[in-house]
Amino acid sequence: MRLGRDWRAGHGEAVNVRVLIDGPSELVFDYAVPAGMSVRAGCRVRVPLRRKHATGTVLAVVEPAQADFGLREVEALIDPEPLVTPALLRMGEWIAGYYGCGIETVIRSLLPEAVRSEENSAKTRRVAVLVKSPDAEAMEKLARRAPRQHVILSILNHAPENRMAVTELGEGANAALKALEKSGLVRIETEEVRRDPEAEGLDEVVGSSPLQLNEGQQAALEAILQSLETETPMPILLLGVTGSGKTEVYLQAAQAVLDRGKTVLVLVPEISLTPQTVRRFKSRFAAMQDKVAVLHSHLSQGERFDEWHRIRKGEARIVIGARSAVFAPLPDLGLILVDEEHENTYKQESVPRYHGRDVAVLRASFEKCAIVLGSATPSLESWHNTQSKKYQVVRLDQRADGQSMPMVRVVDMRLEAAKRKGGPAMLSDKLRSALEQRLEKGEQSILFLNRRGFARSLQCPQCGHVCQCPHCAVALTYHRSDERLVCHVCGHQAIVPRKCPECKDPAIILQGYGTQKVEEVLAKVLPAAKIARIDADAMRRKHALRDTLNAFKSHKIDVLIGTQMIAKGLHFPNVTLVGILNADLGLHIPDFRAGERTFQLITQVAGRAGRGDLIGEVIVQTFTPHSPSIQFARRHDFDGFSEQEMEFRRQFGFPPFGHCAVLTARSNHERRAEFTLQTLHLRLKEDLPSDITLGEVLPSPLVRAHGQYRFQITLRSRQARPLTRHVQAVLAKTSLPEDVTVVFDMDAQSFS
């Protein structure tokens, strides 16, 4: 293959191209290039396919093969310029080889469907432009003879740049415009209209000026600026405590890059964080708001089409988005900012299963641009890279406003339960008292619980029956607002039974609690408080999250209850209390990263308190108060936590001291999924490289989901690519049953 080379058949050399056909089938065919056509890898072409026509993307320019038949020719070049740059094509090849997937699936990430589909195009509108304005006498005659034409000329004469959309000139304007156009007074043009994804989501943006940096921030900025001057910049890990002013460093670094004529890519871990990041960048770069583009999966096809092409044409100089934005076709890339780099949401859960943070580091290497990974609780993989001198580390150990970190108090809920003698309490006495004090002072509070719904399950006290999802191996969660039992895995809904489905006892009861129940209980405990809830159920309406956060910022809400949607990136100076209702939720799951994620979550949520002039307090309710994750988070001690956690990982060869992959087989038939994986296990053991540790075939922790049974094998190795090659070689030689799906996940972040 000859990637990225420009070939012209008219130069006397016959050439073929390998084309990925658009559509879900992942068809790849070779075609001949007709004389006089210039083709490069990444170009979009129209080709014959059977008796029809199809569009596709040129994957590579290839040498003509010796064959007894002739290839069909490319019919047309849709776009003479490649839509996929050589650097992105090279990155796609790396992703395909590292994560063990076809280049076809990667190309579909590089070129989203909105761009590939011929059904999408730029939105246009007709615009009336005033060519010349008649004198007063002519206008007076026109007013008597053709009053509609007179009105249109008057409007255009006072319109900005003497132009206005035809639709804004009112009904019946078309006939008058035709007459004016014929007389040479008006010209009708067609112009593109941008479908702005943030048009309704953002309030009017008020410009902001760069803030005075403290000593730590200035050192961080200088490190980034030095990196910009380096031919091959080293990735920078910006380890800054919550509230240390990392965003201001990002903004000033971005300004320096823009001043150099380069572009900036900003990655955020969740779509919910995109609007506030967009607002901050548009506020700082108010004079160039139209140069900020947004990319994430919640955009409409039209919005994605417009944003993608604005980026490709160089009209957008700053791109902000979730993990898929790492493929944004930015020209002259100068800086990549990865905010909250530790978040596992950067990992794609469908093929290609890339990690957005790692691909961002790879792209920075290919594009030779600077990259900054920011976090208050870095992933141990990134931290290990700083210790092995692959990354440079810059620390911000103090809050930007000079305030101290919030005081964290740990409440042992075992003692609370014993004290009440009525089972576990939702709110401890200490947290309840703290909430009342904040309400009296006019200060705000945040309560965090990473479980939505009203009750965790519905259980019969007589026979022990729990209402389960018929498609997944999980209990159904009770949602009082909808009066439904809902599966949080597949979305299945069921009517709430009036009596036990098994023994018919009417005393069936609710077990556990979620954010809905917390909201109801809190309304009774604090009747004078204005309470709001942020979770996937409450935020279904478009812009509901924005509106709720704006209301909280305006002090129209006293207590905000939420899931991990409120755990990071939010800055509310009047919040002085954060309560973590159940810190143990993710601590005891079968995942070697459980402790790390609990530490990160507590630290991030705690960081929402005391970000203004008032001192903050955090109350952590837990049944395992002596857990290292909770104790180190209580002291805001990342170094202490990372030291003991790294020792545990080193002993067992877990990441970052190796790579961990999961091979999963799933099927509607339990025995068939298990037997398929056992067969693969036997074949994987044959000629197994000595560096690879092969686990046994085991049921997944979530053994059934979406109606399919799941079994998995865990593999570990110090080197990723040999592991991927070995697994892919075995899969290529194995014929799988039609109803069994096998998925390989390199650097897996989830083991459920």
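Let's start at Q468, which is partly exposed with a relative accessible area of 45%. The scale behind that label uses a 1.4 Å probe and protein chains only: under 20% relative accessible area is buried, over 50% is exposed, and partly exposed is in between. What you have here is a predicted model, in which local features need pLDDT of at least 70 and side-chain atom pairs count only at pLDDT 80 or more, while totals for chains, interfaces and linings use all residues. Residues are numbered from 1 along each chain as its sequence is written, and side-chain values use heavy atoms, with hydrogens and water left out.

Back to Q468, which sits in the loop between β20 (457-459) and β21 (477-479). Helices (H or I, at least four residues) and strands (E, at least two) are DSSP runs, numbered from the N terminus. Once neighbours within four places in sequence are set aside, Q468 is in contact with A473, V474, A475 and L476, where contact means heavy atoms within 4.5 Å. A494 is 26 residues away from Q468 in sequence, and their C-alpha atoms are 9.9 Å apart in space.

Two other glutamines are worth a look. Q604 belongs to helix α17 (residues 594-606) and counts as buried, at 2% relative accessibility. Beyond its neighbours within four places in sequence, Q604 is in contact with T242, E340, H342, S375, A376, T377, A567 and K568. Q749 is found in the segment after β33 (740-745), and with a relative accessible area of 9% Q749 is buried. Not counting residues up to four places away in sequence, Q749 touches N344, K347, H355, D591, R593 and R597.

Now for a helix pair. The axes of α4 (residues 136-145) and α5 (residues 147-158) come within 5 Å and cross at roughly 135°, which makes α4 oblique to α5. Axes here are lines fitted to C-alpha atoms, for helices over the stretch in contact, and angles run from 0 to 180 degrees between N-to-C directions. Angles under 35 degrees count as roughly parallel, over 145 as roughly antiparallel, 65 to 115 as roughly perpendicular and the rest as oblique. On the α4 side, M139, L142, A143, R144 and R145 meet P147, Q149, H150, L153 and S154 in α5. Sorted by class, this contact of α4 with α5 has 5 nonpolar, 3 polar and 2 charged residues. For the classes, Ala, Val, Leu, Ile, Met, Phe, Trp, Tyr, Cys and Pro count as nonpolar, Asp, Glu, Lys and Arg as charged, and the others, Gly among them, as polar.

Next, the backbone. Most residues other than glycine have a negative phi, and most peptide bonds are trans. E161 has a positive phi of about 60° although it is not a glycine. This residue, E161, lies in the loop between α5 and β9 (163-165) and is exposed, with a relative accessible area of 69%. H636 also has a positive phi, near 55°, and is found in the loop between α18 (628-634) and α19. With a relative accessible area of 26%, H636 is partly exposed. As for cis peptide bonds, one runs from V351 to P352, with omega near 0°, and P352 is in the loop between β15 (333-339) and α11. Another runs from P655 to P656, with omega near 15°, and P656 lies in the loop between α19 (638-652) and β29 (659-667).

On a 1 Å grid over the protein atoms alone, a cavity is a set of points where a 1.4 Å probe fits but cannot get out, and a pocket is an open set with protein on both sides within 12 Å along at least five of seven lines; lining residues have an atom within 4 Å of a point. Grid points are joined across faces, edges and corners, and a volume is the space filled by probe spheres set on the points.

The second largest pocket holds about 940 Å³ of space. Its lining has 30 residues, with Y98, N385, K390, Y391 and H659 nearest the centre. Helices α1 (86-99), α11 (356-367), α12 (380-387) and α21 (720-733) each supply at least two lining residues, and α11 gives the largest share, 5 residues. By class, the lining of this pocket divides into 12 nonpolar, 10 polar and 8 charged.

The structure also holds 1 cavity of 30 Å³ or more. The largest cavity has a volume of about 40 Å³ and is lined by S272, L273, Q276, L545, L549, M565, I566 and L570. That lining has 6 nonpolar, 2 polar and no charged residues.
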